[in-house]
Amino acid sequence: MSILIVDDSQIMRKIMAQAIKKVGNFDVVEAADGQEGVETLLKDSTIELVLMDWNMPVMTGIEALKKIRMNQKSIPVIMVTTEAEKERVLEAIKSGANDYLAKPFGPDDIKAKLKKFLLKV
Amino acid sequence: MQVEIISQFTLSVSEVFENMLACSVQLSQDKSQETESGGPEVIGVIGLSGTAQAVIAVRFSPEAARNAVGRMVGCTFESVDDSVTDGVGELINMIVGNAKVKLESHSLTMGLPSVFLGSLCKVNTPPRVNWVDLPFTCELGSFNLAIAFRAIAPNEKEANRVNSYSR
């Protein structure tokens, strides 16, 4: 079982990957922008959850989310954002996000989200 | 500058450091840390637009930057490499994004972070805005948060709109 982390910050990908590894025995797949994230997801059938940053170059997280839903992918997508205002969260949900994770977050926050969507954790 | 603005940014710094670095910060009384640097620094900058015009900058010494980003990812950095600048960019991103959520009375749009490395850097403010410089200390070293924030009055926005139509 793999989790896809889409974030343009290598440091944030590393932080999230470390937190995920502490929760369970998951493989982590990484992508540096929304476009790479969509392409990776469409190619890799082992991915069961996506952690998607919002503000990224090339393709934003919300654009990538819409592309994922256009491709009939019902995989859980959690938007990761520093700007967790109500309007932004609503926009994400309307675009097909299953949940959001507000930055800054601690390891327990990631654990809670993984538990919510991957029940075997 | 409104006290509310300063206190929300101060709170945001505290929350980001607590959550991401497991580190508590204190506002320092040391006024010797000025907005213009005296030595090499790592500076993360983000602009805000909308109902306010703002630039926010976090300034670290190279050692404090290495310590902060090293704590965030659980490793040691011997120099200020791409990972450290990436980490400083994420820190200013989280500080400003978290503060933006708290500033509910404003409708703001955030830019992407930029990180600068060098000596004798000076970050200029937008026109008619002054810096408020907040020096912080923590176990990882000292750093500053510089805030230039000017709320735009509704009549000023209207005047700008009319001017842009008349050009």
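## Sheet, helix packing and chain contact

A:Ile3 stands opposite A:Leu49 in E3(A). The model is predicted, so local features are given only at pLDDT of at least 70 and side-chain atom pairs count only at pLDDT 80 or more, while totals for chains, interfaces and linings use all residues. Residues are numbered from 1 along each chain as its sequence is written, with chains lettered from A and ligands numbered from 1 in the order in which they are written.

**The sheet of chain A**

Strands E1 (residues 2–6) and E3 (residues 47–53) of chain A run parallel and are joined by 5 bridges. Strands here are DSSP runs of E with at least two residues, helices are runs of H or I with at least four, and both are numbered from the N terminus; two strands pair if DSSP finds at least two bridges between them. The open sheet of chain A has 5 strands in the order E2-E1-E3-E4-E5, with parallel pairing. Strands E2 (27–31) and E5 (99–102) of chain A each have a single partner strand, so one side of each is left without a neighbour in the sheet. On average, neighbouring strands of this sheet are turned by 25° against each other, direction ignored.

Helix H2 (residues 34–43) of chain A packs on this sheet and touches E1, E2 and E3 of chain A, its direction making about 160° with that of E1(A). Helix H3 (residues 61–70) of chain A also packs on the sheet, touching E1, E3 and strand E4 (77–81) of chain A, at about 150° to the direction of E3(A). Contact means that the C-beta atoms of two residues, placed from the backbone, lie within 7 Å. Axes are lines fitted to C-alpha atoms, for helices over the stretch in contact, and angles run from 0 to 180 degrees between N-to-C directions.

**Helix pairs involving H3(B)**

| Helix pair | Axes | Angle |
|---|---|---|
| H2 (residues 62–73) and H3 (residues 82–102) of chain B | within 9 Å | roughly 80° |
| H1 (residues 10–23) of chain A and H3(B) | 8 Å apart | about 80° |

H2(B) and H3(B) are therefore roughly perpendicular to each other, a label for angles of 65 to 115 degrees (under 35 is roughly parallel, over 145 roughly antiparallel, the rest oblique). Residues of H2(B) in this contact include B:Ala65 and B:Met72, and those of H3(B) include B:Val84 and B:Leu91. The contact of H2(B) with H3(B) has 7 nonpolar, 2 polar and 1 charged residues. Nonpolar covers Ala, Val, Leu, Ile, Met, Phe, Trp, Tyr, Cys and Pro, charged covers Asp, Glu, Lys and Arg, and the others, Gly among them, are polar.

H1(A) and H3(B) are likewise roughly perpendicular. A:Gln10, A:Ile11 and A:Met12 in H1(A) meet B:Ser83, B:Asp86, B:Gly87 and B:Glu90 in H3(B). This contact of H1(A) with H3(B) divides into 2 nonpolar, 3 polar and 2 charged residues.

**Chain contact and chain B**

The contact takes 16 residues from chain A and 21 residues from chain B. On the side of chain A that touches chain B there are 6 nonpolar, 6 polar and 4 charged residues. The model scores ipTM 0.84 and pTM 0.87.

Chain B has 4 helices and 7 strands. Its average pLDDT, the predictor's confidence in each residue from 0 to 100, is 85, and 84% of the residues score at least 70.
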